[in-house]
Amino acid sequence: MARVLVGKRSGIPEGEFTNVTVGGKQILVANIQGRYFATSNICTHEGAKLHEGEIHNKELTCPRHGAKWDLTTGHLTWFREYLEPLGSYTVVIEDDVLFVEI
């Protein structure tokens, strides 16, 4: 498993997120109540970039069709049809620096 540098913890304030591209994978990293979570940045419905959506608490809304995702698990919380979960990744913090394991 490879570790990819995301940046400093202070670079993602609580309730915010960022996106990184690593080895062709787009990954979204979010700060939810001081804990960091990483999921795929691509909606499994029609490929929208989720970092263009809005976050409320731990839920991210897809900017294209309004699907709602739980960023702590990558699971769908609302949509008119079933969608596959987002891929999830482990976030590691070392000396105030965030890494994602892929």
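Select the whole protein chain to begin. A compact globule of 102 residues would have a radius of gyration near 13 Å, and the protein chain has 13 Å, which agrees. Along the principal axes, its C-alpha atoms fill a box of roughly 40 × 25 × 20 Å. This is a predicted model, and the protein chain averages a pLDDT of 95, with 100% of the residues scoring at least 70.

Next, display the chain as a cartoon. The protein chain has 10 strands and zero helices. Select residues 17–22, which form strand 2; among the elements, strand 2 has the lowest mean pLDDT, 92. Then select residues 68–70: this is strand 7, with the highest mean pLDDT, 98.

Now show the surface. The accessible surface of the protein chain comes to about 5700 Å², and carbon and sulfur atoms account for 45% of that area. Of the 102 residues, 41% count as buried.

Turn to the side chains, and select Trp78 and Phe79. A search of the whole structure finds one aromatic pair. The ring centres of Trp78 and Phe79 are 6.1 Å apart and the ring planes stand at 85 degrees, so the pair is edge-to-face; planes over 60 degrees apart count as such. Which of these residues is buried, and which is partly exposed? Phe79 is buried, with a relative accessible area of 10%, whereas Trp78 is partly exposed, at 48%.

Finally, select Arg3 and Phe99. Arg3 lies over the face of Phe99, at 6.0 Å from the ring centre.

Technical notes
Residues numbered from 1 in each chain as written. Predicted model: local features only at pLDDT ≥ 70, side-chain atom pairs only at ≥ 80, totals over all residues. Heavy atoms only, no water. Phe/Tyr/Trp six-rings, centres within 6.5 Å; stacked < 30°, edge-to-face > 60°. Buried < 20%, exposed > 50% of the residue type's maximum accessible area, 1.4 Å probe, protein only. Lys NZ or Arg CZ within 6 Å of the ring centre and 35° of its normal. pLDDT = per-residue confidence, 0-100. Helix = DSSP H or I, 4+ residues; strand = E, 2+ residues; numbered from the N terminus. Rg over C-alpha atoms; globule rule 2.2 N^0.38 Å. Areas by Shrake-Rupley, 256 points an atom, 1.4 Å probe, with all protein chains shown as cover.
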